[in-house]
Amino acid sequence: MQRSKLHIYTADVFLMPHRTMRLVDAHIHLTNKEYSGYIKHVLNNLKALRIMACSMTVNLETLTRSLELFSNHMTEVIPFAGIHPEYALTDDVTNFIDILERNSESIHGIGEIGLDPTYTGHEESLFEQQKKVFLSLLQYAERTSKPISIHSRGSLDQILDILGTYNVRNVLLHWFAGSKKQLARSMDMGLFVSYGPILIYSDEKKSLLKHTAKDKFLTETDGPVRYQRCFGNLPSMSSSLLVSVVSCAANILKMSYTDTASLLEKNAEAYLGMKLC
Ligand SMILES: [Zn+2]
C-alpha cells in the first residue's frame with residue numbers, strides 16, 4: 001500500500017491555528033511493550049502536538065511501569081490504573097489496590113477494568129472471579145471519586161446493571177460497541193462513550209455517534225491496537241490517528257473540525273473532572 005493512500009493526517013496541519021486547544025486520547029495503553037523502544041519519542045510527540053493521553057494499565061506489571069514512566073509527564077499523560085478482564089484471573093487485586101492507595105496522587109483514574117466472558121471460556125465460576133476483581137476496583141473508584149474507563153465486550157447489559165447500583169460518576173464505556181438501545185440506556189445513566197479509528201470505515205459506528213448525546217462522547221485510539229484498511233495495520237499512536245478520528249466525527253456531526261475539537265475538549269474536562277491547560 002502506498003503511504004499516500006493511508007488515512008493518516010498530519011496532526012499539526014489541523015492544530016497549527018489552534019495552539020491553545022488540546023486533544024485527548026481517552027484510552028490508550030502507553031505501558032504496552034509495543035511502545036517501550038520509543039516511548040520518549042511518543043511522549044515528545046504528544047507534547048509537541050498538545051495531545052493528552054489517558055494511559056491505561058492492564059495488570060500489576062504495567063502499573064509498575066506506569067508509575068516509573070509517567071510521574072514526570074503529567075502534562076502529556078493522564079495515568080489510569082486497572083486490571084483488565086484478561087488478567088483478572090492471574091493478578092492479586094488486594095495487592096493491586098494496596099499499591100493504588102500508596103500512589104493515589106499519581107493515579108488520576110481507574111482503568112482498564114471490566115468484564116469479558118471471552119477470557120473465562122464462558123465458564124461461570126471463572127466469570128464470577130473476574131467479576132470480583134471488577135467490583136473491587138469499582139468500589140475503589142467509588143470511594144476515591146476517580147474517573148473510570150470500562151471494557152464491556154460481551155457484557156454491556158451486565159455492566160450497566162452493576163453501574164446502576166454504584167454511586168460512580170465520570171464513567172467511560174470505551175470502544176462503545178453496543179446497540180442503539182444500549183446506547184440510549186447509557187446516555188440515560190449519564191455515561192460517556194468513546195469511538196476510535198473504526199469510526200472512519202464503519203457505518204454502524206457512524207450511526208451510533210449520530211445517536212450519542214453531544215456532551216457525552218470522546219475519541220480514543222486504544223493503542224497499540226493495529227487497525228487495518230486505510231490505517232495499514234501499524235501500531236496506533238495518538239499523534240497519527242486521533243486527528244483522523246476527530247476529523248471523521250466532525251464530518252458525521254456536520255460540524256467544523258475546530259468546533260468538534262473544542263466540544264471534545266470540554267467533554268474530556270467533564271469526564272476527567274479537571275481543566276486541561
Ligand atoms: Zn484498552
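Start with glutamate 61 and arginine 65: in this predicted model, their side chains meet in a salt bridge, with N to O at 2.8 Å. Both residues sit in helix 3, which covers residues 60-70. They are four residues apart, about one turn of the helix.

How exposed are the two partners? Glutamate 61 is partly exposed, at 43% relative accessible area. Arginine 65 has 16% relative accessibility, and it counts as buried because the cut-off is under 20%.

Lys33 joins Glu61 and Arg65 in a network of salt bridges.

Next, aspartate 116 and arginine 153. They form a salt bridge as well, and the closest N and O atoms are 2.8 Å apart. Aspartate 116 lies in the loop between strand 4 (109-114) and helix 5 (124-144). Arginine 153 lies in the loop between strand 5 (148-151) and helix 6 (156-163). So the pair ties together parts that are 37 residues apart in sequence. On accessibility, aspartate 116 counts as buried, at 0%, whereas arginine 153 is partly exposed, at 44%.

The last pair I will show is lysine 275 with glutamate 269. Their closest N and O atoms are 3.6 Å apart, and they form a salt bridge; the distance qualifies because the limit is within 4 Å. Lysine 275 is exposed, with a relative accessible area of 64%. Glutamate 269, at 15%, counts as buried.

How many salt bridges does the count come to? Six. Among them are the pairs I went through: glutamate 61 with arginine 65, aspartate 116 with arginine 153, and lysine 275 with glutamate 269.

Definitions and conventions
Residues are numbered from 1 along each chain as its sequence is written. This is a predicted model: local features need pLDDT of at least 70, side-chain atom pairs count only at pLDDT 80 or more; totals for chains, interfaces and linings use all residues. Side-chain values use heavy atoms; hydrogens and water are left out. Helices (H or I, at least four residues) and strands (E, at least two) are DSSP runs, numbered from the N terminus. Buried means under 20% relative accessible area, exposed over 50%, partly exposed in between (1.4 Å probe, protein chains only).
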